[in-house]
Amino acid sequence: MSAPGWVAVGLLGGAAAAARFFVDAAFAARSDHPFPLGILAVNLAGTLALGLVAGAALSGEALVIVAGGVIGSFTTFSTWMLDSHRLADTGHAHLVWLNIGLSLIAGFAAVALGHWAGSAL
Amino acid sequence: MRPSRFDLRPLAAIYVGGVIGALARVGLAEAGAHGPGEWPWATFAVNMAGALALGYFFARLRDHPEDSLAHPFLATGVCGTLTTFSALQLELFQMIDAGRLALAAAYVGATLAAGYAFVRAGISLERRPRPEAAR
C-alpha cells in the first residue's frame, strides 16, 4: 500500500474509534441497564457496512482503507469480550449468553444482508 | 475556574490510540493476507492480543481517577481499535459461503473461547501479587 494509503488508515481509524465512543456513550446516557447495547449497535452497524463493501466488490487500496481503516476500527472484539466478562462478574450470567449469541447471530444476518445488497448495486 | 464545557482531552486520547490500533491491525492483515479456506491468523492474533491487553488495562486502571487519560487511550483507543468484530463476521460468512463449515465452526469456537479466556487472563495477570506491593 502507498504512503498516503497508510496515512488514511491511521487518520480514519482514529476517527472511527472516536465515533465508537460517541455511539456507546449515547446509548449509555439513555439507559442504566447493564446490557452493553451501545457496543452491540456499533458492531452490527459496522458488520452491515462491511458486508455491503465486500458485496460491492470494492478492491485494492480503497478496500483496505474503508474495510480495515474505517469499519474494522469502528467495530471491536475486545470490548465485546470484556463486557461479557463483566456481565458474568456482576451476576448477569443470562445476559452473557444473550450478548454473545445475539451479536453472533445478528452479526451474521447483518453481513449476509449487506453482502446481498452490495452485490445488487 | 474554567466554565464547564466538553472536555476534548479524552477524545484526543481515544483518537491517538485509534490511530495506533488501526495501523497495527491493518499492517498485520496486509502482511498475512489469506483466502476463505485458510485460518485468518491476522484477525485472530489481533483479537486475542487485544482481549488480553484490555483485560489487563481494565483491572490496572479500575481505581484511576475519572479524568485520567490512560483508560480512553489504552482501552477505548488502542485495544478497542486493534480488535475487530466486523472482519470476524465477514470471514465466517466467506467460509460458510465457500462450504468450509468445519473451519467456520472451529474459527468461531476458538475465537470466543480463547477471547473470553484472554480477557480473564489479562485481569488475573494484573491481580497477581507484585514484589513491590508486598508489605
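# A guided tour of chains A and B

Begin by selecting helices α2 (residues 37-55) and α3 (residues 60-74) of chain A, which pack at an angle of about 165° with their axes 9 Å apart. Axes here are lines fitted to C-alpha atoms, for helices over the stretch in contact, and angles run from 0 to 180 degrees between N-to-C directions. Helices (H or I, at least four residues) and strands (E, at least two) are DSSP runs, numbered from the N terminus. The model is a predicted one, in which local features need pLDDT of at least 70, side-chain atom pairs count only at pLDDT 80 or more, and totals for chains, interfaces and linings use all residues. Residues are numbered from 1 along each chain as its sequence is written, while chains are lettered from A and ligands numbered from 1 in the order in which they are written.

The pair α2(A) and α3(A) is therefore roughly antiparallel, the term for angles over 145 degrees. To see the contact, display V42(A), G46(A), A49(A), L50(A) and V53(A) of α2(A) with L63(A), V66(A), A67(A), I71(A) and F74(A) of α3(A). Two residues are in contact if their C-beta atoms, placed from the backbone, lie within 7 Å. By class, this contact has 9 nonpolar, 1 polar and no charged residues; Ala, Val, Leu, Ile, Met, Phe, Trp, Tyr, Cys and Pro count as nonpolar, Asp, Glu, Lys and Arg as charged, and the others, Gly among them, as polar.

Next, select A57(A), in the loop between α2 and α3 of chain A. A57(A) has a positive phi of about 60° although it is not a glycine. With 10 C-beta neighbours inside 10 Å, A57(A) counts as exposed. The cut-offs are 20 or more other C-beta atoms within 10 Å for buried, 12 or fewer for exposed, and in between for partly exposed.

Of the 121 residues of chain A, 49% count as buried.

Turn to V9(A), one of the residues with the most contacts inside the largest nonpolar core, which has 64 residues. Such a core is a set of buried Ala, Val, Leu, Ile, Met, Phe, Trp, Tyr and Cys residues joined through C-beta atoms within 7 Å. Leaving aside neighbours within four places in sequence, V9(A) is in contact with V64(A), I65(A), G68(A) and G69(A), and also with A22(B), L23(B) and V26(B).

Colour the interface next: 40 residues of chain B are in contact with 40 residues of chain A. On the chain B side, α1(B) gives the most, with 14 residues. That side has 22 nonpolar, 15 polar and 3 charged residues.

Then select α3(B), where 12 of the 13 residues are buried, so the helix is largely enclosed by the rest of the structure. Among the buried residues are H71(B), F73(B) and C79(B). The cover includes α1 (3-30), α3 and α4 (78-89) of chain A, together with α1 and α2 of chain B.

Finish at Y107(B), in helix α5 of chain B. Y107(B) counts as partly exposed, with 19 C-beta neighbours inside 10 Å. Not counting residues up to four places away in sequence, Y107(B) touches W39(B), P40(B), E91(B), L92(B) and M95(B). A distance drawn between the C-alpha atoms of Y107(B) and C79(B), 28 residues apart along the chain, reads 21 Å.

Methods:
Angles under 35 degrees count as roughly parallel, over 145 as roughly antiparallel, 65 to 115 as roughly perpendicular and the rest as oblique.
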